[in-house]
Amino acid sequence: MNPPLNPPMNPTRLALLAALFALLAPLTAEAAPPPPSEVGKGPVTKLPVPRYASLKTNRVNLREGPSKDHRTLWVFQREGLPVEIVAEFETWRRIRDSEGTEGWVLHSLLSGRRTAVVIPPSGERADATKATVPLNARADDQSAEQARLQPGVIGSVKSCTGTWCRLVVPLPDKRGDVDGYIRQSRLWGVYPDERVE
């Protein structure tokens, strides 16, 4: 009787081979980006991670990995859109949008300018036409309404107290801007209780 062509491997030998591959893997693998941090400082910028930023241009490719060799997952076409930076790797930043979509963009396509998007009152659908949010003249629910904003409207964040944010929203057709105060809980682009000056 002939011996089998592929005899079963000894378990001890198999464990030793697995350990050897584990030791050699870092030497052969490409540099991998770090996983998104919970709280801390970015390894590249030393700025807080996570943190909010905004898109600098009307065309930003969201890639599945931190290089131009990676496939484009999505193309953002809205300058000023707020995003959350959740990780850093060399010249790339892993971002998340208000809908939870994540991917990598070049840092040069991001701005430190703080913007925020209006979110619907809790329990309402994002596309509900009647789910408007008041923009008040002062940081007071009883003050006059400057405008009613639909979910999805983006404005520039001028300041936040932890409860209210001063928001400047461009009006359509270049009719100027409307400036007022909105409850911080109605915005995505600022953290709860965050103070912005």
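Biologist: Where is arginine 114 found?
Modeller: Arginine 114 sits in the loop between β9 (110-111) and β10, where strands are DSSP runs of E with at least two residues, helices are runs of H or I with at least four, and both are numbered from the N terminus. Before we go on, please keep in mind that this is a predicted model, in which local features need pLDDT of at least 70 and side-chain atom pairs count only at pLDDT 80 or more, while totals for chains, interfaces and linings use all residues. Residues are numbered from 1 along each chain as its sequence is written, and side-chain values use heavy atoms, with hydrogens and water left out.
Biologist: Is arginine 114 buried or exposed?
Modeller: Arginine 114 counts as buried because its relative accessibility is 17%, and buried means under 20% relative accessible area, with exposed over 50% and partly exposed in between (1.4 Å probe, protein chains only).
Biologist: What does its side chain reach?
Modeller: The arginine 114 side chain reaches the backbone oxygen of glycine 189 at 2.9 Å, and it also makes a polar contact with the side chain of glutamate 194 at 3.0 Å. A polar contact here is a pair of N or O atoms within 3.5 Å; within protein, one must be able to donate a hydrogen and the other to accept it, and residues adjacent in sequence count only if both atoms are side-chain atoms.
Biologist: And which residues does glutamine 184 contact?
Modeller: Leaving aside neighbours within four places in sequence, its contacts (heavy atoms within 4.5 Å) include Cys160, Trp164, Cys165, Val190 and Glu194. Glutamine 184 lies in the loop between β15 (177-183) and β16 (187-188), and it is buried because its relative accessible area is 4%.
Biologist: You named two cysteines there; what joins cysteine 160 to cysteine 165?
Modeller: A disulfide joins them, with an S to S distance of 2.0 Å, a disulfide being a pair of cysteine sulfur atoms within 2.5 Å. A search of the whole structure finds 1 disulfide.
Biologist: Why is it called right-handed?
Modeller: The torsion about the S-S bond of cysteine 160 and cysteine 165 is about 105°, so the disulfide is right-handed. Cysteine 160 is buried at 5% relative accessibility, and cysteine 165 is buried at 0%.
Biologist: Changing topic, which residues touch the most other members in the largest nonpolar core?
Modeller: They are Leu149, Val157, Leu167, Ile182, Leu187 and Val190, in a core of 16 residues. A nonpolar core means a set of buried Ala, Val, Leu, Ile, Met, Phe, Trp, Tyr and Cys residues joined through side-chain atoms within 4.5 Å. Strands β10 (115-118), β11 (133-136), β12 (145-149), β13 (154-160), β14 (164-170) and β15 each supply at least two of its residues, and β14 gives the most, with 3 residues. There is also a second, separate core of 15 residues, which includes Leu81, Val105, Leu110 and Ile154.
Biologist: Why might such side chains end up together?
Modeller: In soluble globular proteins, nonpolar side chains tend to be buried together.
Biologist: How many helices and strands does the protein have?
Modeller: The protein has 1 helix and 16 strands, and 36% of its 197 residues count as buried.
Biologist: Last one: where does pLDDT stay under 50?
Modeller: It stays under 50 over residues 20-37, for which the model has 15 contacts beyond four places in sequence. The mean pLDDT of the protein is 84, and 75% of its residues reach 70 or more, pLDDT being the predictor's confidence in each residue, from 0 to 100.
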